[in-house]
Amino acid sequence: MLIFAAIVAIFVYGMIAAMLGTILPDLSDRFHLTPAQNGTIAFAQALGLIIASVGVGPLLDTEGKKVGLILGLAFIAVALFALPRSQGFRRILVLLFLLGVGGGIVVTGANALVSDVSEAHRGTALNLVNLFFGLGGLTTPFLSANLFARNWVRLCYTIASLTVVTLAIQAVTKMPAPTSAARFVLGDAAPVLGRPLLFMLGLFLFLYVSCEVGMWNWLPRHLIAQGVPESRALNILSLGFALGLLIGRVGVSPILIRVQPITVTLAASIAMAVTTFFVLQTTRPSTAFALVFIAGLSMAPVFPTTLAIVGDAFPRMTGTAIGFVITCGWIGLAVSSRIIGAIAGGDPLRLKKALLVIPISSVLMVGLNLTILSALR
């Protein structure tokens, strides 16, 4: 039941992770938003993710995962029910910020829960549970393109309703007691937050999330700018990138039983650098689909496997350590979105140049991965 509760929470988070990229073309048309404003919206969501992740770790360690998951899902539901009634750019900023806060709490709480209940095979368990993130990410653009005829209002209400059901599941699930003392003591966190390894892992996830969320948020707009029809672009995101994430996490789980997690992240980083570069070099939908799928396979193991490394390295105050590393990832989302939006400016055709941030970040991940490998040895 604990794993099921984590699965449905991660599934909801996957749906909202793909939300902005899915509805951004329609929002841009309706409110006449520029790529720079798109970047600001993505930044607002990232800021919510950052604030939530940095603050929720102590809450999870002292009050338990259930409190965090219920709180995060409540924020998500409120944001999605209110978004269709937005009146303009500023209201969208506020609601995407709230959506980010909820998402940050949920992803940290769900991964910390799995890390606690699956200590013996942490990497395998985290990848298997997080494959439902890929499934959620596949579902959102697929529903929008094929069932809702790009009706983003109906999409918001559907995901909001599913979030309420997921909240109810967390409420009735009995979860483990808090892993820390009755109150959070900063002195207890000092040995965790003072280790260089934690900062290296945080920087690694900073670069990775810059890449993954860059794909979620900007890929459809880039493909549309290259002449790909909107429905085809959304299907490339869902049946290409999201499906690649899903299949990749299924495939890597048995590998992690025999191979060290840090070796898996190194191989994935190299593959990311190659595939994301070539994704930006094609204008043919069929070629883009194949390359985006392979990019999804490459990215699939990085996030959950990095969290497994954190869980193994920091068995005490795991929620705080995971929250810190995930927070670094959301900072990557905020920074990359601002950079991509600024480079693109008001011209969607410049997104191709702006999205080179993704393969460049992947190359940096390779070097950092080798440094982490040396530190672990």
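Let's start with what surrounds the largest cavity in this predicted model: its lining has 13 nonpolar residues, three polar ones and two charged ones. That cavity holds about 200 Å³ of space, and it lies between two domains, because domain 1 (1-181) and domain 2 (188-376) both give residues to its lining.

**The largest cavity**

- If you go looking for cavities of 30 Å³ or more, the count comes to one.
- Its lining is made up of 18 residues, and those nearest the centre are Tyr13, Ala17, Phe133, Val213 and Trp330.

**The largest pocket**

- The largest pocket has about 170 Å³ of space in it.
- Here, H6, helix H10 (230-258) and helix H13 (302-313) are the elements that each give two or more residues to the lining.
- There are 13 lining residues for this pocket, with Gly123, Leu256, Ile257, Val259 and Pro261 lying nearest its centre.
- Sorted by class, the pocket lining comes out as six nonpolar, four polar and three charged residues.
- Both domains take part here too: domain 1 (1-181) and domain 2 (188-376) each supply at least three residues to the pocket lining.

**The protein as a whole**

- How many helices and strands are there? The protein has 16 helices and zero strands.
- A compact globule of 377 residues would have a radius of gyration near 21 Å, and the protein's 19 Å agrees with that.
- Of the 377 residues, 62% are buried.
- Take the contacts with a separation of 6 or more: 86% of them are between residues 24 or more positions apart.

Note on methods
Residues numbered from 1 in each chain as written. Predicted model: local features only at pLDDT ≥ 70, side-chain atom pairs only at ≥ 80, totals over all residues. Heavy atoms only, no water. 1 Å grid on protein atoms, 1.4 Å probe; cavity = no way out; pocket = protein on both sides within 12 Å on 5 of 7 lines; lining within 4 Å. Points joined across faces, edges and corners; volume = space filled by probe spheres on them. Nonpolar A, V, L, I, M, F, W, Y, C, P; charged D, E, K, R; others polar. Domains from an automatic or database assignment. Helix = DSSP H or I, 4+ residues; strand = E, 2+ residues; numbered from the N terminus. Rg over C-alpha atoms; globule rule 2.2 N^0.38 Å. Buried < 20%, exposed > 50% of the residue type's maximum accessible area, 1.4 Å probe, protein only. Contact = heavy atoms within 4.5 Å.
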